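The structure comes first, and my entries follow.

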Amino acid sequence: MPDLGLEVLWKGKNFVRLLGGLWVALRISLIAAGISVAAGIILGILASRKRSVASVILRIWLGIIHIMPQMVLLFLMYFGTTRAFGWNLSGETAAIIVFSLWGTAEMGDLVRGAVSSIPAIQRESAEALGLQPVQVYRWIILPQAVRRLIPLSINLITRMIKTTSLVTLIGVVEILKVAQQIIEANRKASPNAAFGVYLTIFVMYYLACRILSLAARKLEKHWR
């Protein structure tokens, strides 16, 4: 049987350290996703109105986010703004800010698309029955839009989780950084440690994203 380098996981607290690194990645993703969902819904609803200022802001914001690699945004936030403005920003906080800016732009665009896809006649009929604009959104528009948003939102969150591997470049000790430390420390004793450690990370990321995917399916069935 080939040596897969898996034995290094059970030395000391290596496996627990990997789990801790995974939790750092998930924590950054989930906090950023929570901010993105809340801010994205507000921005998307405002942007769904034709010729609104919010739609112009969202379009410009999306353009910047789509053109600029997340790594450049991380460097700009962590190294650039701390020097320019003299504030003390941890790597994890910088990552949450950048991921929230990215997620809010994409979530806002998803919400705008979902709200705009609701036939106008439904809104007009509700208003003809005497419902206020807030009531129209609360009882007519949002329930239908949310059902369409669930799979798209989960896809955005899983992309966030996978992109957290970049935060190691600004000094955040997440799962990949922990893996590098374990491999370096066991380079002589376990030459194949890289295969076993990265294979374990692959399984951990798969399980984390798979759980989210299954939760999304369950929510979709519940909301039908």
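Before naming any element, I note that helices are DSSP runs of at least four residues, numbered from the N terminus.

Entry on confidence. I am working with a predicted model. I looked up the pLDDT and found an average of 87 for the protein, with 98% of the residues scoring at least 70. Confidence is lowest in helix H2 (residues 53–67), where the mean is 80. It is highest in helix H7 (residues 175–185), at 92.

Entry on the cavity. The largest cavity has a volume of about 30 Å³. I listed its lining as Ala33, Ser36, Val37, Met107, Ser153, Leu156 and Ile157. Helix H1 (14–47) and helix H6 (133–163) each contribute at least two residues to that lining. By class, I recorded 5 nonpolar and 2 polar residues there, and no charged ones.

I then turned to open space, where the largest pocket has a volume of about 200 Å³. The elements giving two or more residues to its lining are H1, H6 and helix H8 (193–223). I noted 11 lining residues, of which Val37, Val146, Leu149, Ile150 and Ser153 lie nearest the centre of the pocket. Which element gives the most to this lining? I found that H6 does, with 6 residues. The pocket lining divides into 10 nonpolar residues, 1 polar residue and no charged residues.

Terms used:
Residues are numbered from 1 along each chain as its sequence is written. This is a predicted model: local features need pLDDT of at least 70, side-chain atom pairs count only at pLDDT 80 or more; totals for chains, interfaces and linings use all residues. Side-chain values use heavy atoms; hydrogens and water are left out. On a 1 Å grid over the protein atoms alone, a cavity is a set of points where a 1.4 Å probe fits but cannot get out, and a pocket is an open set with protein on both sides within 12 Å along at least five of seven lines; lining residues have an atom within 4 Å of a point. Grid points are joined across faces, edges and corners, and a volume is the space filled by probe spheres set on the points. Ala, Val, Leu, Ile, Met, Phe, Trp, Tyr, Cys and Pro count as nonpolar, Asp, Glu, Lys and Arg as charged, and the others, Gly among them, as polar. pLDDT is the predictor's confidence in each residue, from 0 to 100.
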